[in-house]
Amino acid sequence: MNTTNRSNSNKQKRVGENTHDLYTVSASPHIIEKRSVKSVMWNVVFALIPALIMGIVFFGINALLLTVYGIIAAIMTEAIIQKLRGKPITITDGSAVITGMLIAFNLHAAAPWWIPVLGSVFAISIGKHIFGGLGHNPMNPALLGRVFLVASFPTLTAAGWKETAYSSISGITSSINIQAVENLVTSATPLAVIKQLRDPLFVENINNVIPNASQSLMGEIASIPTIQNLFWGNVGGCIGEVSAAALILGALWLAWRKIIEWRIPTFYIFTVFVLTLIFGGIDGLFSASILLPFFHIFGGGLMLGALFMATDMVTSPLTKNGRIIFGVGCGFITVVIRLMGGFPEGVTFAILLMNLAVPLIDKYTVPNPFGAKK
Amino acid sequence: MGLKTFPGGIHGRDNKRYSQNEPIEIYPLPDKVIIPLSQHIGASAIPIVKKGAEVKTGQLIAKAGGFVSVPIHSSITGKVTKIGSFPHPTGNMQTAIEVTRTGDDNWIDLSDNDYTKLGNEEIKERIKAAGICGMGGAGFPTVVKLSPPENKKIDTIIINGVECEPYLTADHRLMLEHPEDIIKGLKIFMKITGAVKAYIGIEANKPDAISTMKNITKDESNINVVGLKLKYPQGAEKQLIYASTKRKVPNNGGLPMDVGVIVQNVATAIATYEAVRYQKPLISRIVTVSGKIVNKPKNLHVRIGTLFSDLLDCCEQTNEEIGKIISGGPMMGFAISTLITPVTKGSSGLIVLSKKESITYKEHACIRCCSCIDVCPMNLLPSKIANDATYEDWEGAKIAGAVDCIKCGCCAYVCPSKIKLIQWIDIAKNKINELNL
């Protein structure tokens with residue numbers, strides 16, 4: 001066939017002149033959606049911005065600076081590693097930006113500048129590229145980075161909370177006139193307060209001063225004003241995790257863009273709600289007020305974890321039923337750690353542990369094809 | 001109106017606006033036709049004419065090559081000028097008979113008798129002799145479809161007027177312009193299979209077709225027109241059956257007849273009616289010529305074997321340089337390298353894409369976003385199949401459902417990493433069959 005007759009100015013071509021051209025051949029489908037990995041990632045970045053703004057509002061400009069350090073360190077690490085490995089440099093795809101952002105979001109605003117930098121370097125190199133880069137990492141890099149920081153620098157990351165411009169660190173207003181309680185609500189994060197209340201020694205001590213002080217404090221914790229503070233983010237905590245409202249706003253955007261899927265967050269949050277309602281009280285099963293589960297859901301890193309980290313595509317299950325198991329598992333481990341473990345917060349470990357279970361979950365939840373006999 | 005549908009699928013732009021209001025136009029007789037011997041699923045037809053033979057319009061030029069095969073007829077009056085290898089709309093080179101026109105349209109003798117008095121076997125004989133095969137794209141011999149084994153009782157016929165592929169409007173125009181013939185064809189199907197119920201499935205983007213078909217069947221209590229949600233692949237056989245009857249065709253090689261259903265395309269129904277009534281062989285069809293850059297998109301009634309280049313001339317060429325030409329729809333059709341490719345019995349469209357519309361993308365690593373899984377109408381794990389195929393883990397690919405893929409292309413359509421999922425699944429499918437896993 002004649003293949004030579006190729007002209008760039010087809011507009012002047014006369015009828016029939018296309019006849020001998022050869023055209024592009026490729027497998028079907030011949031039309032595809034415009035959405036790319038890049039647009040998915042930048043949408044996530046965009047969705048994290050409300051939480052960043054709330055962090056800046058409550059903790060000041062340092063929150064922004066730490067985030068910027070985290071992002072720059074993540075991007076540079078990615079570029080260097082890809083250069084060393086002789087791979088195409090993909091820093092514009094936004095995935096390193098997300099990791100850097102999430103590292104900073106998991107720090108309190110008084111952390112020194114090198115903490116997010118170190119966290120990002122670790123997250124991108126050990127958490128992501130050692131496994132082959134984007135799409136191949138078994139665990140959420142940002143959470144791995146956080147664990148690395150918490151384990152290496154406990155005093156810089158998990159203590160020295162900064163209070164917000166408008167409220168005490170715990171977000172709880174207590175009228176109980178005991179020095180120990182006052183110290184607690186002004187210096188500890190919301191989850192640390194509730195953790196303390198599960199310590200029988202502490203409970204005995206305050207109850208000896210004022211009878212039923214522990215119950216009254218529990219009532220103050222599980223109260224509408226406290227939960228309002230937690231919902232808007234007017235409490236001490238990490239930069240990006242404090243404002244449940246901002247995180248929900250971002251997640252709604254992602255859900256609308258069909259980037260995150262409802263199963264993981266819904267089952268994660270629902271499991272935490274049910275378990276804390278049953279086991280969250282300090283006087284045995286079902287002793288918790290109906291408001292306590294809201295305290296657990298809006299407090300700590302649960303919203304950030306459930307909406308943005310557990311839903312990380314690379315490290316969550318493929319199958320629909322798998323995502324339900326994953327969400328329930330995350331919720332279960334979170335509550336076990338919060339109520340029984342040594343840390344006040346369990347979101348990080350819950351998600352990392354469930355990340356490791358993903359291959360197994362996927363293996364046992366392969367769906368039946370359409371038309372399969374039950 | 002409650003619209004019916006199936007789980008999964010995608011909502012894309014249907015792009016039907018270019019040609020949906022263009023009435024069917026009869027394309028004049030071409031000077032030359034290239035008639036491939038394989039235009040259907042099954043064995044190729046066997047030529048019975050030699051080079052130089054004079055043939056009339058509708059004359060048998062190749063006989064069926066087996067039970068699952070169809071005979072081929074000349075679509076014009078002329079002289080056989082070559083029997084050899086020609087480009088085929090599935091993208092490769094295949095044997096075809098070239099006929100050059102020598103005169104006017106000189107038909108073989110057609111009869112017109114009272115076909116309603118014919119027995120079932122006689123009707124089937126006529127359908128077989130006319131070379132009818134599915135005209136929706138796959139091209140399965142119609143008479144084979146209509147002859148299920150004794151133990152498969154057929155109670156329902158579904159006429160597929162969904163036409164869910166973007167751009168295509170050929171079936172839409174047929175429903176608007178020849179609704180009676182569709183019903184007559186449907187009644188023939190019902191008579192020979194003993195089916196007591198019939199559905200006509202039409203997507204919601206063709207409200208005029210829905211009302212036309214509803215109007216014409218308003219006195220037929222056993223024929224229902226089903227309005228279907230605008231979603232691709234609504235016209236896929238298994239998805240259409242589920243949406244209309246809630247029956248699920250068994251996976252792993254199950255056929256519609258396993259749930260008592262036979263699905264036929266609207267064009268096939270008309271061809272069947274004409275074959276049974278006039279003994280008219282299948283030598284023409286409606287082809288949608290469309291695309292953003294086509295100057296005058298049209299629905300053309302053309303003779304089988306007409307070249308795509310002739311059709312594009314008829315539509316006054318394009319106003320931009322062509323990037324890709326597609327035989328069929330853009331989701332499941334074949335990109336072909338040359339316009340010197342003939343129309344076959346299954347060619348529903350000639351879609352022309354501009355350079356800008358036909359960019360080829362580089363594959364990125366899978367980010368496990370699960371979009372492919374969420375849209376798969378067969379509830380498979382496309383990304384896992386593709387991943388297993390890269391590592392040659394054919395067992396894994398089978399577990400993820402490779403053999404049940406209907407190649408609708410939804411997964412590849414939504415993939416943000418632009419992974420060629422359909423190709424990978426195809427590789428896995430072939431390998432699984434080869435290894436008999």
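Helices (H or I, at least four residues) and strands (E, at least two) are DSSP runs, which I number from the N terminus.

**Entry: ground rules.** I am working on a predicted model, where local features need pLDDT of at least 70, side-chain atom pairs count only at pLDDT 80 or more, and totals for chains, interfaces and linings use all residues. Residues run from 1 along each chain as its sequence is written, chains are lettered from A and ligands numbered from 1 in the order in which they are written.

**Entry: confidence.** I checked pLDDT, the predictor's confidence in each residue from 0 to 100. Chain B has a mean pLDDT of 93, with 100% of its residues at 70 or more. For the complex, the predictor gives an ipTM of 0.86 and a pTM of 0.89.

Entry: I found an open sheet of three strands, ordered β3-β5-β6 in chain B, with antiparallel pairing. β3 (46-47) and β6 (72-73) of chain B are at the edges with a single partner strand each, so one side of each has no neighbour in the sheet. β3(B) runs antiparallel to β5 (residues 60-63) of chain B, and two bridges join them. I46(B) has K63(B) as its bridge partner in β5(B).

**Entry: around β8(B).** Next I followed strand β8 (residues 93-101) of chain B, which is joined to the antiparallel strand β2 (residues 32-36) of chain B by five bridges. On that pairing, V33(B) has V99(B) as its bridge partner. β8(B) also pairs with β7 (residues 78-87) of chain B, antiparallel, over nine bridges. There I noted P87(B) bridged to M93(B). What sits between the strands of the hairpin of β7(B) and β8(B)? I counted five residues there, and in this hairpin G91(B) takes a positive phi near 105°.

Entry: I call two residues in contact if their C-beta atoms, placed from the backbone, lie within 7 Å. Here 62 residues of chain B contact 41 residues of chain A. Which elements of chain B each supply at least two residues to its side of this contact? I listed α8 (308-314), β15 (322-327), β16 (334-336), α10 (382-390), α12 (410-414) and α13 (421-435) of chain B. β15(B) gives the most, with five residues. I sorted by class: Ala, Val, Leu, Ile, Met, Phe, Trp, Tyr, Cys and Pro count as nonpolar, Asp, Glu, Lys and Arg as charged, and the others, Gly among them, as polar. The side of chain B that touches chain A has 32 nonpolar, 19 polar and eleven charged residues.

**Entry: domains of chain B.** Domain bounds come from an automatic or database domain assignment. Chain B splits into domain 1 (115-278) and domain 2 (371-435). I get 29 Å between the centres of domain 1 and domain 2 of chain B, over C-alpha atoms. Seven residues of domain 1 of chain B and six of domain 2 of chain B make the contact.

**Entry: domains of chain A.** Chain A has domain 1 (37-157) and domain 2 (190-234 + 260-364). Their centres, over C-alpha atoms, are separated by 24 Å. I find 16 residues of domain 1 of chain A in contact with 14 of domain 2 of chain A. On the domain 1 side, α1 (37-59), α3 (95-105) and α5 (141-152) of chain A each supply at least two residues. α5(A) has the largest share, five residues. By class, that side has eleven nonpolar, four polar and one charged residues.

Terms used: Pairing = 2+ DSSP bridges.
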